[in-house]
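Work through the exercises below with the sequence and the model side by side. Try each task before reading its solution.

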Amino acid sequence: YEEGTHYVGFDTVDELPALLDKWLKARNDWRRRKIADAARKYTITHHSFEERVRQLYEEFMPELSHAH
């Protein structure tokens, strides 16, 4: 996941009040939706059952994964 594309990050708890104030304002609805949609799409693409099986094949049976 990439910060700013798939999530909004922060370094300290002290930053949270300002971030919450910014991101929960109605004028940022479209920005929140854009980040949420990107995160959802990334998750569906990279963390599906099929993707996990493919990763396991590559990790534990590399000779079989290259045969397909």
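**Exercise 1. Find which residues gather in a patch of negative charge on the surface, and say where E3 is placed.**

Solution. Begin with the rule: a patch is made of residues with over 30% relative accessible area and no salt bridge, where like charges are joined within 9 Å and nonpolar side chains (Val, Leu, Ile, Met, Phe, Trp, Tyr) within 5 Å. Asp and Glu count as negative and Lys and Arg as positive, while His and the chain ends are not counted. The place of a charge is taken as NZ of Lys, CZ of Arg, CG of Asp or CD of Glu, and accessible areas come from the Shrake-Rupley method with a 1.4 Å probe, only the protein chains shown counting as cover for residues. The residues that gather in the negative patch are E3, D11, D14 and E15. E3 has its place in the segment before α1 (16–23). Please note that this is a predicted model, in which local features need pLDDT of at least 70 and side-chain atom pairs count only at pLDDT 80 or more, whereas totals for chains, interfaces and linings use all residues. Residues are numbered from 1 along each chain as its sequence is written, and side-chain values use heavy atoms, with hydrogens and water left out.

**Exercise 2. Find which residues gather in a patch of positive charge, and say where R31 is placed.**

Solution. The positive patch on the surface gathers K22, R27, R31 and K34.

**Exercise 3. Describe the nonpolar surface patch and name the helix that gives the most to it.**

Solution. L56, Y57, F60, M61 and L64 make a nonpolar surface patch of about 470 Å². Helix α3 (residues 49–60) gives the most, with 3 residues. Y57 is found in this helix, α3, and is partly exposed because its relative accessibility is 34%. F60 also has its place in helix α3, but F60 counts as exposed, because its relative accessibility is 60%.

**Exercise 4. State how many salt bridges the search finds, and examine the one between D37 and R40.**

Solution. A salt bridge is a side-chain nitrogen of Lys or Arg within 4 Å of a carboxyl oxygen of Asp or Glu, and a search of the whole structure finds 5 of them. In the bridge between D37 and R40, the closest N and O atoms are 2.8 Å apart. These two residues are 3 residues apart in helix α2, so about one helical turn separates D37 and R40. In helix α3, E58 and R54 lie 4 residues apart, about one turn of the helix, and their side chains meet in a salt bridge (2.5 Å, N to O). A network of salt bridges links E51, R54 and E58.

**Exercise 5. Classify the aromatic pair formed by Y1 and Y42.**

Solution. Rings of Phe, Tyr and Trp (its six-membered ring) pair if their centres lie within 6.5 Å; planes under 30 degrees apart count as stacked, over 60 as edge-to-face and the rest as tilted. By this rule the count is 1 aromatic pair. The ring centres of Y1 and Y42 are 4.8 Å apart and their planes stand at 55 degrees, so the pair is tilted. Because Y1 lies in the segment before α1 and Y42 in helix α2 (residues 29–46), the pair ties together parts that are 41 residues apart in sequence.

Note on methods. Buried means under 20% relative accessible area, exposed over 50%, partly exposed in between (1.4 Å probe, protein chains only).
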